[in-house]
Each structure stands twice: as structure tokens, then as C-alpha cells.
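Here is a short report on one protein chain. Look at the sequence and the structure first, then read on.

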Amino acid sequence: MVGRSAGILMFRRKERLEVLLVHPGGPFFVRKDLGAWSIPKGEYDDSEDPLTAARREFAEETGQAVEGDFLPLTAIKQKGGKEVLAWAVEGDIDAAKVSSNTFELEWPPRTGKMQKFPEIDRAEWFDLDTARTKINERQVSLLDEVEALFGNNQPGRI
């Protein structure tokens, strides 16, 4: 069965609209940049409300709770078929203070050694043009939708 994820696309208004993206942790993404970033998101099952899951995942991946008026965005499908539900919310967290949960992985492979890695190794605010080059290609439509809803250079308007 293909999984489902829920996530939060946080945005803020500076001189231009900016979005918060996270970079996956672990050894497979160390040298990857363009196309590797994502919104904070994670899997959920039928027992959990998707927005509740999205808020939980945001807190787990950033170490910070998210509050605000959550606007549902159009669902997307990742390359592997996973459906991602996302909500946009205006906010402003300090990306330098992000603290992620961890996961264990046998590393190096076939050594029997288990190592802990952060689920995300960093977060950053990007203007929309830069974000489009950084984010997973299947998530670009989330950026497009936020831009259509909130504009790209209209501070103070919601």
C-alpha cells in the first residue's frame, strides 16, 4: 500500500514572499541540494487527522510548534505514488534553531553498525524562485499555489 504524508508549508512576508524548507538528514542526502529539500512532512494513518499529523511532523522535524490559520493546499503525489496533503500557514521561526528528531540506520551498509541521524539536518527560508530550484520537483505546485494565493511581493496582504 502506498503511504500518505501530511505537511506544513510555512511562509512569511519580507521584501518578497519566503517559504521554509527542510533538508533531509542522513548519509544519502549529504551532498544533495537542488531538488532535495522539502516541506516538513511525515506519514500518518487512518487513526490520525491529517492536519494534526502535519502539525506533529512540523514539531518533530523543527523542534518548534506551529500555530496559525491553516489553509489547505491541493494534494500532490510524490514519484513513488505517496499522496501528500499540505497546509499553508503564515509564520516566522528561526531556521538556525531548528532541532530535529532522529532515526537509526545501519551505516556504513552491511557493517552491523547502527548510527543515529537527524531526520532533517537543516532548515532555511527561501524566496520562491530559489525555493523552486531547491524543493522536490513534485512539491513545486505547492509553492505555485501559495504564490497564487498570497502574491510574491505584497507585504501585509493576506
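## One face of a helix

The buried residues of α3 are V140, L142, L143, V146 and F150. This is a predicted model. Where do the buried residues of α3 sit, seen down its axis? They fall within an arc of 160°, so they line one face of the helix.

What does that face pack against? The buried residues of α3 meet the strands β1, β2, β4 (71-72), β5 (76-77) and β6, along with α2. After α3 comes G151. The phi of G151 is positive, near 75°.

In soluble globular proteins, nonpolar side chains tend to be buried together. Here, the largest nonpolar core has 21 residues. L9, V19, L21 and V146 have the most contacts inside this core. At least two of its residues come from each of β1 (4-13), β2, β6 (83-90), α2 (128-134) and α3 (140-150). Which element gives the largest share? That is α3, with five residues.

Take V19 as an example. Its neighbours within four places in sequence are left aside here. V19 then touches L9, M10, F11, E124, W125, F126, L128, A131 and L143. Another core, of 18 residues, lies apart from the largest one. Among its members are V22, Y44, A54 and I93.

## Aromatic pairs

How many aromatic pairs does the structure hold? There are four. One of them joins W37 and F126, edge-to-face. Their centres are 5.1 Å apart, and the planes make an angle of 85°. This pair links distant parts of the chain. W37 is in the loop between β2 (17-24) and β3 (41-43), while F126 is in strand β9 (residues 120-127). The two are 89 residues apart. W37 is buried, with a relative accessible area of 1%. F126 is buried too, at 5%.

F103 and F117 form a tilted pair. Here the distance is 5.9 Å centre to centre, with 35° between the planes. F103 belongs to strand β7 (residues 102-106) and F117 to strand β8 (residues 114-118), so the pair ties together parts 14 residues apart in sequence. F103 is partly exposed, at 29% relative accessibility. F117 is buried, at 13%.

A charged residue also sits by a ring. K32 lies over the face of F29, 5.7 Å from the ring centre.

## Salt bridges

The structure holds 16 salt bridges. One of them joins the side chains of R12 and D92, at 2.7 Å from N to O. R12 is in strand β1 and D92 is in the loop between β6 and β7, so this bridge ties together parts 80 residues apart in sequence. Is R12 buried or exposed? R12 counts as buried, at 16% relative accessibility. D92 is partly exposed, at 49%. R12 and D92 also belong to a network of salt bridges with K14 and E18.

Helices have bridges as well. D144 pairs with R132, their closest N and O atoms being 2.9 Å apart. D144 lies in helix α3 and R132 in helix α2, so the pair ties together parts twelve residues apart in sequence. D144 is partly exposed, at 34%. R132 is also partly exposed, at 24%.

R56 bridges to E60, with 3.8 Å between the closest N and O atoms. Both lie in helix α1 (residues 50-62), four residues apart, or about one turn of the helix. R56 is partly exposed, at 27%, and E60 is partly exposed, at 30%.

How values were computed. Residues are numbered from 1 along each chain as its sequence is written. This is a predicted model: local features need pLDDT of at least 70, side-chain atom pairs count only at pLDDT 80 or more; totals for chains, interfaces and linings use all residues. Side-chain values use heavy atoms; hydrogens and water are left out. Rings of Phe, Tyr and Trp (its six-membered ring) pair if their centres lie within 6.5 Å; planes under 30 degrees apart count as stacked, over 60 as edge-to-face and the rest as tilted. Buried means under 20% relative accessible area, exposed over 50%, partly exposed in between (1.4 Å probe, protein chains only). A charge sits over a ring if NZ of Lys or CZ of Arg is within 6 Å of the ring centre and within 35 degrees of the ring normal. A nonpolar core is a set of buried Ala, Val, Leu, Ile, Met, Phe, Trp, Tyr and Cys residues joined through side-chain atoms within 4.5 Å. Contact means heavy atoms within 4.5 Å. The arc is that of the directions from the helix axis to the C-beta atoms. A salt bridge is a side-chain nitrogen of Lys or Arg within 4 Å of a carboxyl oxygen of Asp or Glu.
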